[in-house]
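I opened a new structure today and kept notes as I went. Here is what I looked up, in the order I looked.

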Amino acid sequence: MKKTICRLALAGTLPLVAAMTFDELKREVAAAEDGATVYVENDMEVTGVLPCPGRVTIASPAGQTNTLLRAAGHPGMFVTLSDAASQLTLRDVVVDWNKAAGQAAHFATLSAGSLTLDAGAEVRNCRLPPSGIGGIHLSGTGRLVMNDGAVIRGFEGDNYATAVLVGMNVPGPVFEMNG
């Protein structure tokens, strides 16, 4: 079966982009125009780290909430943001970091740029490695914004585990909660 990436644009608007697999999602996010939305058309397994060089939103189509489930063999993070231009927003999508798979992994590190969890976004089920204390680690000028209707839950670990770690003796990172 051939998978199709849909590109439809109205005059003066950004194209609508859809992804059916994680490889397509990575490719579309990396190539997205500033401010674009990439739609997750179905549930998919996360098999690598998501690039985010610019400002992009990942969302489910209207009326859906699709899940990105970390593959059992993926030992890494979902996203690492280290450039101020990197601004990733999740909306109406669940990212399940699959602690049931038994392999511990951080969810995200943000030393610059921002991760925004909008309404309907849920980040869940992260088992932290023994050396890790923050599922979402903010340092430098990294910023996490959690808006009304977003959820972070099910993070666990052995050593002072926290869902969000906002710097350690470092000024600059921000965790903002709205709603």
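I start with a definition: buried means under 20% relative accessible area, exposed over 50%, and partly exposed in between, with a 1.4 Å probe and protein chains only. I am working on a predicted model, where local features need pLDDT of at least 70, side-chain atom pairs count only at pLDDT 80 or more, and totals for chains, interfaces and linings use all residues. Residues are numbered from 1 along each chain as its sequence is written, and side-chain values use heavy atoms, with hydrogens and water left out.

**Entry: the whole chain.** I counted one helix and 17 strands. Helices (H or I, at least four residues) and strands (E, at least two) are DSSP runs, numbered from the N terminus. Of the 179 residues, 44% count as buried. I also looked at contacts, meaning heavy atoms within 4.5 Å. Among those between residues at least 6 apart in sequence, 70% join residues at least 24 apart.

**Entry: helix 1.** I picked A31, which is found in helix 1. Is A31 buried or exposed? A31 is exposed, because its relative accessible area is 58%.

**Entry: the core.** A nonpolar core here is a set of buried Ala, Val, Leu, Ile, Met, Phe, Trp, Tyr and Cys residues joined through side-chain atoms within 4.5 Å. The largest one has 40 residues, and L25, F78, L88, L90 and F107 have the most contacts inside it. Helix 1 (residues 22-31) gives the most to this core, with three residues. That reminded me that in soluble globular proteins, nonpolar side chains tend to be buried together. I then followed F78: leaving out residues up to four places away in sequence, F78 touches several others, including F22, L88, L90, W97 and F107.

**Entry: cysteines.** How many disulfides does the structure hold? I found zero, taking a disulfide as a pair of cysteine sulfur atoms within 2.5 Å. C52 is buried at a relative accessible area of 6%, and C126 is buried at 1%.

**Entry: T67.** T67 is found in strand 6. T67 counts as buried because its relative accessibility is 18%. Leaving out residues up to four places away in sequence, T67 touches N42, D43, M44, V94, D96 and R124.

Entry: I traced four strands in the order 7-10-13-16, paired in parallel. Strand 7 (79-81) and strand 16 (162-166) stand at the edges with a single partner strand each, so one side of each has no neighbour in the sheet. Strand 10 (residues 108-110) and strand 13 (residues 134-138) share three bridges, and T109 has H137 as its bridge partner in strand 13.

Methods:
Pairing = 2+ DSSP bridges.
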